[in-house]
Amino acid sequence: MLRQSLSITLLWLLSFSAYSQSLVSLNTDIKSLLDSKQATVGVSIWDQNANPIVEINADNQLPMQSVFKFHLAVAVLHQVDQGKWSLADKITITPDDLDNGLWSPIRKKYPTGAELTLAQIIKYTVAVSDNVGCDVLIGMLGGPKVLEQYLHQAGIKDVAIKYNEEMMQQVWQRQFDNWTTANGANQALSKLYDNNEQLLSATSHRFLWDVMKSSKTGKNKIRAGVPEGTVVAHKTGYSGKHNQTGVIAAHNDIGIVFLPNGSHYYISVLVSDSRESSDDSQKIIADISQLAWMHFIAEN
């Protein structure tokens with residue numbers, strides 16, 4: 001019995017030692033990757049139990065850009081659960097709503113306006129990052145302040161939302177007031193996916209994550225670092241380049257990656273103040289995503 005106990009203890013120690021070495025290697029590899037990059041990169045990688053695996057600049061307040069559309073969808077679905085709206089409700093998109101000059105597949109498909117269900121608008125807003133849909137939803141909620149207050153009351157930390165898309169895009173510096181941290185992004189993802197506090201009903205929870213899994217943006221970010229066909233539920237954000245300096249304020253991707261064995265992990269990478277090209281800024285995210293995938297595959 002003693003010999004068996006000692007053998008089990010030895011195996012556990014060897015396993016723990018190997019896992020610790022793997023974590024050190026993952027952190028070292030990511031730091032080495034970032035050393036030569038002209039950018040501030042916030043990295044947070046958590047296992048499925050929300051245990052931090054990698055935290056690099058993970059508490060830096062960095063601009064979200066369209067990442068906040070995930071947070072917006074959560075707040076809208078909360079109101080659906082409260083009975084204020086239904087996903088089947090028809091919402092009128094007016095010509096005035098369309099007149100913001102920003103990225104909008106809704107405008108492209110319905111140039112003179114349309115009546116869309118609330119479910120459709122959420123899908124447009126999250127899955128293809130539609131700015132018209134985003135600002136319609138923020139207006140329905142009562143503005144950015146109401147959205148931010150809901151998130152804080154729900155215990156979603158390290159996030160600030162001061163502007164809708166139209167107002168944010170008018171002045172470059174405003175995007176820095178719509179911020180989160182890499183750890184804060186992972187906290188929001190894990191809190192909403194685990195749903196232990198039942199922030200969303202089962203129906204709204206399923207709808208949200210189906211939409212996140214259907215996201216069409218960011219093919220060169222987290223998804224580029226994992227094998228084709230891997231299920232990734234994620235939300236991207238991109239600032240474009242500053243006209244004078246060429247600096248990219250935000251190339252972001254936050255999400256959940258699902259492993260073949262059914263487990264998952266959380267990964268949020270916020271690339272800010274980047275003097276790298278747009279392609280290279282995205283490759284930073286893809287390379288970190290690949291390193292994370294290799295780590296978790298080896299451990300599972």
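## Exercises on a predicted model

Glutamine 282 has its place in helix H11, which runs over residues 278-299, and the model in which it is seen is a predicted one.

**Exercise 1.** Decide whether glutamine 282 is buried or exposed, and find which residues it touches beyond those up to four places away in sequence.

*Solution.* Begin with the relative accessible area of glutamine 282, which is 12%. Since buried means under 20%, glutamine 282 counts as buried. Then look for its contacts, leaving out residues up to four places away in sequence, and you will find that glutamine 282 touches Asn220, Lys221 and His251.

**Exercise 2.** Work out how the axes of H2 and H5 are arranged, and describe which residues meet where H2 and H5 are in contact.

*Solution.* Start with the axes of H2 and H5, which come within 9 Å and cross at roughly 165°. Because angles over 145 degrees count as roughly antiparallel, H2 is roughly antiparallel to H5. The crossing in which H2 passes H5 is left-handed. Next, list the residues: from H2 come Lys69, Leu72, Ala73, Val76, Leu77 and Val80, and these meet Leu118, Ile122, Thr125 and Val126 of H5.

**Exercise 3.** Identify the buried residues of H10 and what covers them.

*Solution.* Helix H10, residues 202-213, has twelve residues and reaches 16 Å from its first C-alpha to its last, close to the 16 Å expected. Its buried residues are Ser204, His205, Phe207, Leu208, Trp209, Val211 and Met212. What covers these buried residues of H10 includes helices H2, H5 and H9 together with strands S8 and S9.

**Exercise 4.** Determine how many residues of H9 are buried, and what follows this helix.

*Solution.* H9 is mostly covered, with eleven of its 13 residues buried, among them Ala182, Asn183, Gly184 and Leu192. After H9 comes asparagine 195, whose phi is positive, near 55°.

Conventions. Residues numbered from 1 in each chain as written. Predicted model: local features only at pLDDT ≥ 70, side-chain atom pairs only at ≥ 80, totals over all residues. Heavy atoms only, no water. Helix = DSSP H or I, 4+ residues; strand = E, 2+ residues; numbered from the N terminus. Expected span 1.5 Å × (residues − 1). Buried < 20%, exposed > 50% of the residue type's maximum accessible area, 1.4 Å probe, protein only. Contact = heavy atoms within 4.5 Å. Axes fitted to C-alpha atoms, helices over the stretch in contact; angles between N-to-C directions. Parallel < 35°, antiparallel > 145°, perpendicular 65-115°, else oblique. Left-handed = near helix turned anticlockwise from the far one by under 90°.
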